[in-house]
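Reader: Hi! Could you walk me through this one while I have it open on my screen?

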Amino acid sequence: MASLKDIGLAAAINILSAFVFFIAFAILRLQPFNDRVYFPKWYLRGLRSSPMRSGAFSKFLNLDFRSYLRFLNWMPAALQMPEPELIEHAGLDSAVYLRIYRIGLKIFAPITCLAFAVMVPVNWTNNTLENSKLAYEDIDKLSISNIPNGSNRFWTHLVMAYAFTFWTCYVLKSEYELIALMRLHFLASEQRRPDQFTVLVRNIPPDPDESVNQLVEHFFLVNHPDHFLTHQVVYNANILSDLVSEKKNLRNWLDFYQRKYYRNQSKRPLMKTGFLGLWGNTVDAIDYYESEVDKLSSKVMIPSPYFSLSDMSKSFEV
């Protein structure tokens, strides 16, 4: 069984790990290159256009050592700030994040007090472990293992298990209802934005008589004439981008071998077509790369075999 020393060591490791991550978070938020990550709402509202700069700030690293001495000053201010003001200042996510810690306190503080007041005396006042031949620690007397089989004291554990479960469910239900109301109020108080009324449509079936643009517009004007406003075709050009990048790389190799040949025209450059040019068929390097560039050029110029309507998306506003 675990001893107090083992439990203390495990607790120390967890507390130390949490403290290290917390310090890392507090230090990283001071760095200019993380400014848009930690303060996105200020940038969206125009309250901030660039990281705070002074003579002690560089482009990527905060060199103002005085700021590291007060890097935890934001915590008391955040905890003391009223919830509506916190939402206005840092967003709904920050308020919900702080409520998670409060939920933990609401759940575990009463459970801990009740467990020490009721269950610890019930378990400690038995002598089952003392009369057994098992190896045990003093802390084991606080557990259910110190209660003999068939004892009526097991009812205490059963009742407490139901009490803890009901209390946890009640707190979670209450908090989730409150957070849901906060979210609805937050969305209702925000200014209307086009993305709130935009729907993404994918995998549009082909039509031989209409283009994708005409097909989508005709469909929504017929079926949703009172809600449809406009639409925008968005193409997934990842495949095309990969082909262009590959062609550019092959073109660079072609230029390299052409310059090499122009410097010494007595011998055309040769290469192997295998992995990293270590093995494979030996071919003329210039002819090989010219043929590869031509193949990719034909793929880029004739996209129909490589791009289909499944690579297209459509967004429209209602």
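Author: Happy to; we can start with the overall picture and then look at particular residues.

Reader: Great. What am I looking at, and how many helices and strands does the chain have?

Author: This is a predicted model. The chain has twelve helices and five strands.

Reader: And how much of the chain counts as buried?

Author: Of its 318 residues, 25% count as buried. The chain exposes about 23,000 Å², with carbon and sulfur atoms supplying 63% of that area.

Reader: What share of the contacts comes from residues 24 or more positions apart?

Author: Those account for 59%, counting contacts with a separation of 6 or more.

Reader: Let's go to the start of the chain. What does UniProt say about residues 6-28?

Author: The unreviewed UniProt entry annotates residues 6-28 as "transmembrane region". In the model, that span is 100% helix and 0% strand, and its end C-alpha atoms lie 33 Å apart.

Reader: Nice. Now charges: how many salt bridges does the structure hold?

Author: There are nine salt bridges in the structure.

Reader: Is R99 buried or exposed?

Author: R99 counts as buried because its relative accessibility is 8%, under the 20% cut-off. E175 is buried too, at 5%.

Reader: What else does R99 touch?

Author: Leaving out residues up to four places away in sequence, R99 touches E83, K106, E175, L178, I179 and M182.

Reader: How accessible are R268, D284 and D287?

Author: R268 is partly exposed at 33%, D284 is buried at 17%, and D287 is partly exposed at 44%. Elsewhere, salt bridges that share partners join E83, R99, R102, K106 and E175 into one network.

Reader: Switching to nonpolar residues, which ones make up the largest core?

Author: It has eleven residues: L243, L250, L254, Y257, Y261, M271, A285, I286, Y289, V293 and L296. Helices α11 (238-263) and α12 (285-301) each supply at least two residues of this core.

Reader: If I zoom in on L254, what is it in contact with?

Author: Setting aside neighbours within four places in sequence, L254 is in contact with I286, Y289 and E290.

Reader: And on the outside, which residues form a nonpolar patch?

Author: W155, L158, Y162 and F166 form one on the surface, with about 510 Å² of accessible area together. L158 is in helix α9, residues 154-189, and counts as partly exposed because its relative accessibility is 40%.

Reader: What about H157, buried or exposed?

Author: H157 also lies in helix α9, but counts as buried, at 15% relative accessibility. Apart from residues up to four places away in sequence, H157 touches M119, N123, I144 and I147.

Definitions and conventions: Residues are numbered from 1 along each chain as its sequence is written. This is a predicted model: local features need pLDDT of at least 70, side-chain atom pairs count only at pLDDT 80 or more; totals for chains, interfaces and linings use all residues. Side-chain values use heavy atoms; hydrogens and water are left out. Buried means under 20% relative accessible area, exposed over 50%, partly exposed in between (1.4 Å probe, protein chains only). Contact means heavy atoms within 4.5 Å. Patches are made of residues with over 30% relative accessible area and no salt bridge: like charges are joined within 9 Å, nonpolar side chains (Val, Leu, Ile, Met, Phe, Trp, Tyr) within 5 Å. Accessible areas come from the Shrake-Rupley method with a 1.4 Å probe; for residues, only the protein chains shown count as cover. A salt bridge is a side-chain nitrogen of Lys or Arg within 4 Å of a carboxyl oxygen of Asp or Glu. Helices (H or I, at least four residues) and strands (E, at least two) are DSSP runs, numbered from the N terminus. A nonpolar core is a set of buried Ala, Val, Leu, Ile, Met, Phe, Trp, Tyr and Cys residues joined through side-chain atoms within 4.5 Å. UniProt positions are given in the numbering used here, feature names are shortened, and annotations may be inferred rather than shown by experiment.
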